[in-house]
Amino acid sequence: MEPIFDRQGRTISWIRGRELFNLQGRSIGFVSNNAVFNLQANYKGTFTNGFFRDRNGNAVAFVRGATNGPIPPIPNIPPIPPIQNIPPIHPIPPIPPIPPIPRLGWSAIEWNGFIN
């Protein structure tokens, strides 16, 4: 499990493979072909070059090693990863829209507003 950080460098979620988990280890979404979906297969944005981006191309969160975006802060030391639940079988996601051009700014949307 790899931590996902917000613009302040705090651990806000986890990613393992294409699966997204909350801090308690519960599945909250997934990534498919660089598009981010919640558990209901609603398109939320993109995940490219280590940045999770909103529908406007602004960065919402990042993983270590993220590039081609705003300068990420030095991440805090993440907590011990939780024991994750067994992810549900995901519905077939819709074809996502054409992603916007990635921007160098941070989104006004926080992680919970992004993924829910």
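**Charged contacts**

Biologist: Which residue forms a salt bridge with Arg10?

Modeller: The closest N and O atoms of this salt bridge are 2.7 Å apart, inside the rule that a side-chain nitrogen of Lys or Arg lies within 4 Å of a carboxyl oxygen of Asp or Glu. The model is predicted, so local features need pLDDT of at least 70 and side-chain atom pairs count only at pLDDT 80 or more, whereas totals for chains, interfaces and linings use all residues. Residues are numbered from 1 along each chain as its sequence is written, and side-chain values use heavy atoms, leaving out hydrogens and water. The partner of Arg10 is Asp6.

Biologist: Is Asp6 buried or exposed?

Modeller: Buried means under 20% relative accessible area, exposed over 50%, and partly exposed in between (1.4 Å probe, protein chains only). Arg10, at 41%, is partly exposed. Asp6 has a relative accessibility of 4% and therefore counts as buried.

Biologist: How many residues apart in sequence are the parts that Glu110 and Arg7 tie together?

Modeller: Glu110 and Arg7 form a salt bridge, with 3.4 Å between the closest N and O atoms. Both partners are partly exposed: Glu110 has a relative accessibility of 44% and Arg7 one of 26%. Helices (H or I, at least four residues) and strands (E, at least two) are DSSP runs, numbered from the N terminus. Glu110 lies in the loop between strand S8 (59-62) and helix H1 (111-115), and Arg7 in the loop between strand S1 (2-5) and strand S2 (11-16), so the sequence separation of the parts they tie together is 103 residues.

Biologist: How many aromatic pairs does the count give?

Modeller: Rings of Phe, Tyr and Trp (its six-membered ring) pair if their centres lie within 6.5 Å; planes under 30 degrees apart count as stacked, over 60 as edge-to-face and the rest as tilted. Under this rule, the number of aromatic pairs is nine.

Biologist: What is the angle between the planes of Phe30 and Phe37?

Modeller: The rings of Phe30 and Phe37 are 5.4 Å apart, centre to centre, and count as stacked. Phe30 is buried at 0% relative accessibility, and Phe37 is buried at 1%. The angle between their planes is 20°.

Biologist: Where does Trp106 lie, given that Phe51 lies in strand S7?

Modeller: Phe51 and Trp106 form an edge-to-face pair, 6.1 Å centre to centre with 70° between the planes. Phe51 is buried, with a relative accessible area of 0%, whereas Trp106 is partly exposed at 24%. Strand S7 covers residues 51-53, and the pair ties together parts that are 55 residues apart in sequence, so the contact joins this strand to the site of Trp106, the loop between S8 and H1.

Biologist: Which residues do ring pairs link into a cluster?

Modeller: The pair of Phe51 and Trp106 has been described as edge-to-face. Ring pairs link these two with others in a cluster, whose residues are Phe5, Phe51, Phe62 and Trp106.

Biologist: How far apart in space are Ile92 and Ser32, C-alpha to C-alpha?

Modeller: Ile92 is located in the loop between S8 and H1 and is exposed at 80% relative accessibility. Ile92 and Ser32 are 60 residues apart in sequence, and their C-alpha atoms are separated by 9.8 Å.
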